[in-house]
Amino acid sequence: PAGMVLSVLVILLLSVLYEAVKMGKAVLLRRALLALPHSLSQEALTEPQAEEQSSPAQGSPSWMAFPTFFPRWFWFHVGQTLFHVLQVVLGYMVMLAVMSYNAWIFLGAIAGSSLGYFM
């Protein structure tokens, strides 16, 4: 009995975490869209913003002027990718647990999904 209760609680927490990751991914998408430049031309996406540009006249050697930055939208995209991978892994874990055809595990997944969406 204690093992089953623990299993149901773990599945419940995994379902809550799945919903939290799904919500975090949506928030990150909104931030990424706000970070995109107004012009979606290739030059606007690859050029740094005016405050990020450094010229060799500032004392940095030309070999240091190699673009080692990534635009803000790129980091948001990397974050979205990581959130997506985490969401897929959690979804498959919950699905495998539900496929055990145990009613308590199924109810734990439903309750966790409902609670995660509510929060």
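From the N terminus on, the elements of the chain run α-α-α-α. This is a predicted model, in which local features need pLDDT of at least 70, side-chain atom pairs count only at pLDDT 80 or more, and totals for chains, interfaces and linings use all residues. Residues are numbered from 1 along each chain as its sequence is written, and side-chain values use heavy atoms, with hydrogens and water left out.

Reader: How are helix H3 and helix H4 oriented to each other?

Author: Helices here are DSSP runs of H or I with at least four residues, numbered from the N terminus. The axes of H3 (residues 72-98) and H4 (residues 103-118), which are lines fitted to C-alpha atoms over the stretch in contact, come within 8 Å and cross at roughly 150 degrees. Because angles over 145 degrees count as roughly antiparallel, H3 is, relative to H4, roughly antiparallel.

Reader: Into which classes do the residues of the contact of H3 with H4 divide?

Author: With contact meaning heavy atoms within 4.5 Å, Val 94, Ala 97 and Val 98 in H3 meet Ile 105, Phe 106 and Ala 109 in H4. Ala, Val, Leu, Ile, Met, Phe, Trp, Tyr, Cys and Pro count as nonpolar. The residues of this contact therefore divide into no charged, no polar and six nonpolar.

Reader: Is Val 88 buried, partly exposed or exposed?

Author: Val 88 lies in helix H3, and its relative accessible area is 33%. Since buried means under 20% and exposed over 50%, with partly exposed in between (1.4 Å probe, protein chains only), Val 88 is partly exposed.

Notes
Axes are lines fitted to C-alpha atoms, for helices over the stretch in contact, and angles run from 0 to 180 degrees between N-to-C directions. Helices (H or I, at least four residues) and strands (E, at least two) are DSSP runs, numbered from the N terminus. Angles under 35 degrees count as roughly parallel, over 145 as roughly antiparallel, 65 to 115 as roughly perpendicular and the rest as oblique.
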